[in-house]
Amino acid sequence: MALADRIKAFRMRKKLSLQELADSAGVSKAHIWDLETGRSKNPSMDLLIKLANKLEVAVVDLVGENPDAEEEGSRVLGMYRELKNLSDRDLDVINSMIERLKSKDT
């Protein structure tokens, strides 16, 4: 699930309007709309913290980086847990592989 979908899902769960969420975060309703539709994809950390606070979720849940979240597949979660036992050198190798695979997709 993308950031846009998570923001909207958490907002709907809290039964907040776009305006209410925007007011609490100190941004325009249009900016929240842009985030929820994916037109704006890189909100500042300050904004993410404000949104997470109003939505009563952790920032990691909002951005989808929480390895303990239920939505993560068990395969990915298992891989994440294995990473904790690797050396710094091994982590560097894996990071290089991830970057190479990501660049292949673009």
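**A helix pair and its surroundings**

Author: Arg 11 lies in helix α1, and this account of a predicted model begins from that residue. With a relative accessibility of 7%, Arg 11 counts as buried, because the cut-off for that class is under 20%. Leaving out residues up to four places away in sequence, Arg 11 touches Leu 16, Ser 17, Leu 18, Leu 21, Glu 36 and Leu 55. Two of these partners, Leu 21 and Leu 55, also take part in the contact between helices α2 and α4.

That helix pair may now be described. Helix α2 spans residues 18-25 and helix α4 spans residues 45-55. Their axes are 9 Å apart, and the packing angle is about 125 degrees. The crossing of α2 past α4 is right-handed. On the α2 side, the contact is formed by Leu 21, Ser 24 and Ala 25; on the α4 side, by Leu 47, Lys 50, Leu 51, Lys 54 and Leu 55. Sorted by class, five residues of this contact are nonpolar, one is polar and two are charged.

Beyond residues up to four places away in sequence, Leu 21 touches Ile 7, Arg 11, Leu 16, Ile 32, Leu 51, Lys 54 and Leu 55. Leu 21 is also listed, with Ile 7, Ile 32, Leu 51, Leu 55 and Leu 62, among the residues that have the most contacts inside the largest nonpolar core. This core has 17 residues. Helices α1 (3-13), α2, α3 (29-37) and α4 each contribute at least two residues to this core. The largest share, five residues, is supplied by α4.

Helix α3 brings in a further residue, for Lys 29 has its place there. Its relative accessibility is 43%, so Lys 29 counts as partly exposed, the class that lies between 20% and 50%. Apart from neighbours within four places in sequence, Lys 29 is in contact with Leu 18, Gln 19 and Ala 22. Lys 29 and Ser 17 are separated by 12 residues in sequence, and their C-alpha atoms lie 9.1 Å apart in space. Ser 17 and Leu 18 are both touched by Arg 11, which returns the account to the residue with which it opened.

Technical notes
Residues are numbered from 1 along each chain as its sequence is written. This is a predicted model: local features need pLDDT of at least 70, side-chain atom pairs count only at pLDDT 80 or more; totals for chains, interfaces and linings use all residues. Side-chain values use heavy atoms; hydrogens and water are left out. Axes are lines fitted to C-alpha atoms, for helices over the stretch in contact, and angles run from 0 to 180 degrees between N-to-C directions. Helices (H or I, at least four residues) and strands (E, at least two) are DSSP runs, numbered from the N terminus. A crossing is left-handed if the near helix is turned anticlockwise from the far one by less than a right angle, and right-handed if clockwise. Contact means heavy atoms within 4.5 Å. Ala, Val, Leu, Ile, Met, Phe, Trp, Tyr, Cys and Pro count as nonpolar, Asp, Glu, Lys and Arg as charged, and the others, Gly among them, as polar. A nonpolar core is a set of buried Ala, Val, Leu, Ile, Met, Phe, Trp, Tyr and Cys residues joined through side-chain atoms within 4.5 Å. Buried means under 20% relative accessible area, exposed over 50%, partly exposed in between (1.4 Å probe, protein chains only).
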